[in-house]
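Open the model in your viewer and keep the selection tool at hand. The stops below go element by element, each with something to select and something to check.

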Amino acid sequence: MPEPVIASSRPRVLSGMRPTGKLHLGNYMGALANWVKLQDQYECYFFIADLHALTSDYADPSRITENILDVALDYLAAGLDPARSVLFLQSKVLQHAELNLLLGMITPVGWLERVPTYKDQQKNLSNKDLSNFGFLGYPVLMASDILIYQPKFVPVGNDQTAHVELTREVARRFNQFYKLNGEEVLPEPQVLLTPSPTLPGTDGRKMSKSYGNTIQLTDPEPEVRKKLKTMVTDPARVRRTDVGDPDKCPVGDLHKVFSSPETLAKVYEGCRSAGIGCIECKGWAADALVQVLAPMQERRASYTVPQVMEILEDGSNRARVRAEQTMQQVRSAMQMPMTTTAAK
Ligand code: SF4
C-alpha cells in the first residue's frame, strides 16, 4: 500500500529531468544543487521524465532503462533524500498521461508551434525525425507533469521561465472552461528562480552532453584531471610568459564557481602577471572539482540497484496518490466519469 500523502504546510515544488544518461556538473549547478537546498523549505516532488525521452528518442528506446537508473543514482548522489522528497518515475504515475490527454483537448496547436525550442530542436536534431505528434505536444505533457501536483512553485533557471509560462497559460485556459463547485482546480504555478551559473565545458562552450564537453558527476579523479588538462584557456595566453585574464578564460569561470576565495585571488594575481602557468592553474581547478565530486561518488556507491528501484517504486506510489487527488477534481470539473486503476 502506498504511504498516505503527508499533508504539509510547506509550499509544494515540482521539477524533473529527462533520462538522457549520466548527469554532469552543468546539470548539477543548473538544477540539482538547488533542488537539494529546497528540500528543507518545501514539500518536494522530483521526477525522472522517461515519457519525455520518448518524444524525441521514440525510435530507439534501448537505453532508457539504463539511463533512468543513472539519473536516479545521480539524484541520490547529489543529495536528494527520499526521506524528505518524493523521488519518482513519470511513467509509473499513469495520471500524467491521462491529464496530458485531457489538457491536449484544450491546448491550441498554435501555442505549441510557437514554443521556441520546437523549431530549434527540429533544426538542431536533424538526425531525428521530430515531425511526430508527441514532440509537438511535449509542452502539454510538461504542463500535465506540473499541474497534476498543484504545486505553488516550479524551480527553474533564467532560461526556462518560458516553459512555466506556457504551463500557466494552459492552467488559465482550463480554469476558464471548467470549475469545481465554483472553484478553480489547477492553480497557476509560480516560477521559483534559482541561481544557476552556466558552466563552461572543456571546449569553452556551455557544458552540454550534445557538445561532448562535459565533466560527469561520476568521472573519477584521473579523468577529471585529464579533461581539465585539455580545457581551452584565455586565447591571449599563447606562451607561459603571456599575461591572461581569468574573466576571459573558461578555467577561470570554473574557479569562480568552485574554488575558495583564496585560490581565486591566486588565480587572478598569477594569471594577470604571468606568475603561474595554465597547467598549474588547471590543477587547482581540478582540486576544487574533485572536492565537490568525491562525496557524491561515495554516496552513489553506497546504493545498490535494487535499493534505487525500491526508492523509485515507493516514490511513484506516493506521487500517484497525490496525482489521483488532482485527477478526481479534474474529472469532476470536466464531467468525465473516468476512473483509473492506477491509483488502486
Ligand atoms: S592561468 Fe588559469 S585563468 Fe589564466 S588563462 Fe591560464 S587557465 Fe585560464
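How many bridges join strand 2 to strand 3, and do they run parallel or antiparallel? Select residues 43-48 and strand 3: five bridges join the two, and the strands run parallel. The model is a predicted one.

**Strand 3**

Keep residues 85-89 selected. Five of the five residues in strand 3 are buried. In a regular strand the side chains alternate between the two faces of the sheet. Show the side chains here: Ser85, Leu87 and Leu89 point one way, while Val86 and Phe88 point the other way.

**Helix 9**

Next, select residues 161-177. Helix 9 has 17 residues, and the distance from its first C-alpha to its last is 25 Å, close to the 24 Å expected at 1.5 Å a residue. Colour its buried residues: Val164, Leu166, Thr167, Arg168, Val170, Ala171, Phe174 and Asn175. An α-helix has 3.6 residues a turn, so residues three or four places apart point the same way. To see what the buried residues of helix 9 pack against, show helix 4 (95-106), helix 5 (109-114), helix 8 (138-147), strand 4 (153-156), strand 5 (190-193) and helix 14 (305-333).

Move on to the loop between helix 9 and strand 5, where asparagine 181 is placed. Asparagine 181 is not a glycine, yet its phi is positive, about 50 degrees. Is asparagine 181 buried or exposed? Its relative accessibility is 74%, so asparagine 181 counts as exposed.

**Helix 12**

Select residues 261-272. The buried residues in helix 12 are Thr263, Leu264, Val267, Tyr268, Gly270 and Cys271. Helix 11 (250-258) and helix 13 (278-301) are included in what covers them.

Alanine 274 follows helix 12 and sits in the loop between helix 12 and helix 13. Here too the residue is not a glycine but has a positive phi, about 60 degrees. With 14% relative accessibility, alanine 274 counts as buried.

**Salt bridges**

The count of salt bridges comes to 22.

- Select arginine 63 and glutamate 66: their side chains meet in a salt bridge, 3.6 Å from N to O. Arginine 63 is partly exposed, with a relative accessible area of 47%, and glutamate 66 is partly exposed at 42%.
- Select arginine 300 and aspartate 74: the closest N and O atoms of this salt bridge are 3.1 Å apart. The pair links distant parts of the chain, with arginine 300 in helix 13 and aspartate 74 in helix 3 (residues 64-78), 226 residues apart. Both arginine 300 and aspartate 74 are buried.
- Select glutamate 313 and lysine 92: they form a salt bridge with closest N and O atoms 3.1 Å apart. Glutamate 313 is in helix 14 and lysine 92 in the loop between strand 3 and helix 4, so the pair ties together parts 221 residues apart in sequence. Glutamate 313 is partly exposed, at 33% relative accessible area, and lysine 92 is partly exposed at 34%.
- Last, select Asp245, Asp247, Asp253, Lys256 and Arg272: salt bridges that share partners join these residues into one network.

Note on methods
Residues numbered from 1 in each chain as written. Predicted model: local features only at pLDDT ≥ 70, side-chain atom pairs only at ≥ 80, totals over all residues. Heavy atoms only, no water. Helix = DSSP H or I, 4+ residues; strand = E, 2+ residues; numbered from the N terminus. Expected span 1.5 Å × (residues − 1). Buried < 20%, exposed > 50% of the residue type's maximum accessible area, 1.4 Å probe, protein only. Contact = heavy atoms within 4.5 Å. Pairing = 2+ DSSP bridges. Salt bridge = Lys/Arg side-chain N within 4 Å of Asp/Glu carboxyl O.
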